[in-house]
Amino acid sequence: SAFQAPPVLTLDELIAQRDDALRDYEALVRRGLSLDLTRGKPSARQLDLASRMLTLPSGHKAADGTDCRNYGGLQGLSELRAIFSGSLQVPVAQLVAAGNSSLSLMHDSIVHAMLGRLPGAERRWADEPRIAFLCPVPGYDRHFALCERFGIELIPVPMTDEGPDMDVVERLALEDPQIKGIWCVPKYSNPSGVSYGDETVRRLAAMPVAAPDFRIFWDNAYAVHHLTDTPAEIADLLALCEENGNPDRAFVFGSTSKITFAGGGVAFFGSSAANVAWLLGYTAKRTIGPDKINHLRHVEFLRDEDGLAEHMRHHRELIRPKFDAVETILTKELGGTGLASWSNPAGGYFISLDVLEGCAREVVSRAAGAGIALTPAGATHPYGNDPRDSTIRIAPTYPELDEVELAITGLATCVRLVGTEKLLEQAR
Ligand code: PMP
């Protein structure tokens, strides 16, 4: 929903609304709730969908006869890579199946770029006077935290309905050779739900940049996580980079964390042949090979691309009602008040709620006071600083449906209370 202009209210009407909200808030606090909407975790029921994996694999031989119990196979089982090649838009030969966390692959990519030399780089990032990444906002707090940990400067770029504002991205990437990367969650973005438009992807692939070792960190974490019958399709970044003479520009990441087990899935890295050789060269120094038993278990369980799609439909059946509940309750409680706008995503794990400027921290704090835990306001922005103090991330997948309903109704009460207090303050 878009922000609607607040209805014109008299001071008395505004005071009455604030008093209403305060009464509701006090009743909410008295209920003594304890609800958690902080992290985008699958619920126990979602994890149950993959329970059969605990009895797999039934054998130990890979398709090519490899004994998966033994060492080796650094790039991961090719039959597993084949299942994910289409949805991640990476040819099987250029896809790596690794351990259980794509975040750790992003971490390692940065560490190797720091301590080793990326294809095309003039020097190690550790030897650069300064390193900066472009961060479309709102974005994913763990991307930002990872950069902060290594002293990489974070430069916010506004998001549009089609992805990052490419006029800003193109200008900054061209004028500053210390900008070495950009974070992108191209499909059902965390937290806005935006999927990048074709023109955005083409411009990212084709734009001239100042740094010869510029990389797009393409975190396609929600590639198959659709909530509707019309799955979002995004353009093929890797192919477009190649076509536009920038073959080494894209680092593609993904994982089965929100497909099978969040703590026991498989993570993927895909890129040009040169980048894959670069990563595997360093990876060979830290492991003799990945957990191929887990790879095999995933192959037996998911079978093929159709099996994957069918499995994701079962996830959708479980989480769609929760997203619908958020939309219904926010519309009922806040629609037409001018106090908030929110996303209605077609996939992914998050809803982004924008409240009146200067209100997000107070809403989160009021919610905490009523036993409703939300992701800290500001987490969606670099350094935890949302300059408008407006964006709140809602993660509805983990709690049961009735808990989501309670929590969102309570959150809406907090938005009404803080919003009307803000308007009163401005009116006085
Ligand atoms: N990227 C994004 C955009 C995410 O939302 C998440 C999980 N919240 C991750 C990465 C984490 O992925 P993994 O479990 O593969 O480390």
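**Notebook: sheets and ligand shell**

I started at S5, where Gly163 is the bridge partner of Thr160. Strands here are DSSP runs of E of at least two residues, helices are runs of H or I of at least four, and both are numbered from the N terminus.

Before going on, I noted that this is a predicted model: local features need pLDDT of at least 70, side-chain atom pairs count only at pLDDT 80 or more, and totals for chains, interfaces and linings use all residues. Residue numbers start from 1 along each chain as its sequence is written.

*S4 and its neighbours.* S4 and strand S5 (residues 163-164) run antiparallel, joined by two bridges. I count strands as paired if DSSP finds at least two bridges between them. The link from S4 to S5 is a hairpin through two residues. Next I looked at strand S3 (residues 132-137), which pairs with strand S4 (residues 153-160) in the parallel sense over six bridges. Pro136 has Val157 in S4 as its bridge partner. With helix H5 (residues 141-149), S3 and S4 make a right-handed β-α-β unit. Right-handed means that, with the strands pointing away from the viewer, the path from the first strand over the helix to the second runs clockwise.

I then checked S3 against strand S6 (residues 179-184): they run parallel, with three bridges.

*The whole sheet.* I wrote the order down as S2-S9-S8-S7-S6-S3-S4-S5, an open sheet of eight strands with mixed pairing. Strand S2 (95-97) and S5 are at the edges with a single partner strand each, so one side of each has no neighbour in the sheet.

*The other sheet.* I found an open sheet of three strands, ordered S10-S11-S13 and paired antiparallel. Its edge strands, S10 (340-342) and S13 (391-394), each pair on one side only. Neighbouring strands in this sheet are turned by 25° against each other on average, direction ignored. Angles run from 0 to 180 degrees between N-to-C directions, with axes fitted to C-alpha atoms, for helices over the stretch in contact. Strand S11 (residues 351-355) pairs with S13 over four antiparallel bridges, and Leu353 has Ile392 in S13 as its bridge partner.

*Ligand.* Last, I listed the residues around the ligand, among them Gly40, Ser101, Tyr140, Asn190 and Asp219. Near means a C-beta atom, placed from the backbone, within 6 Å. The shell has five nonpolar, six polar and one charged residues. Nonpolar covers Ala, Val, Leu, Ile, Met, Phe, Trp, Tyr, Cys and Pro, charged covers Asp, Glu, Lys and Arg, and the others, Gly among them, are polar.
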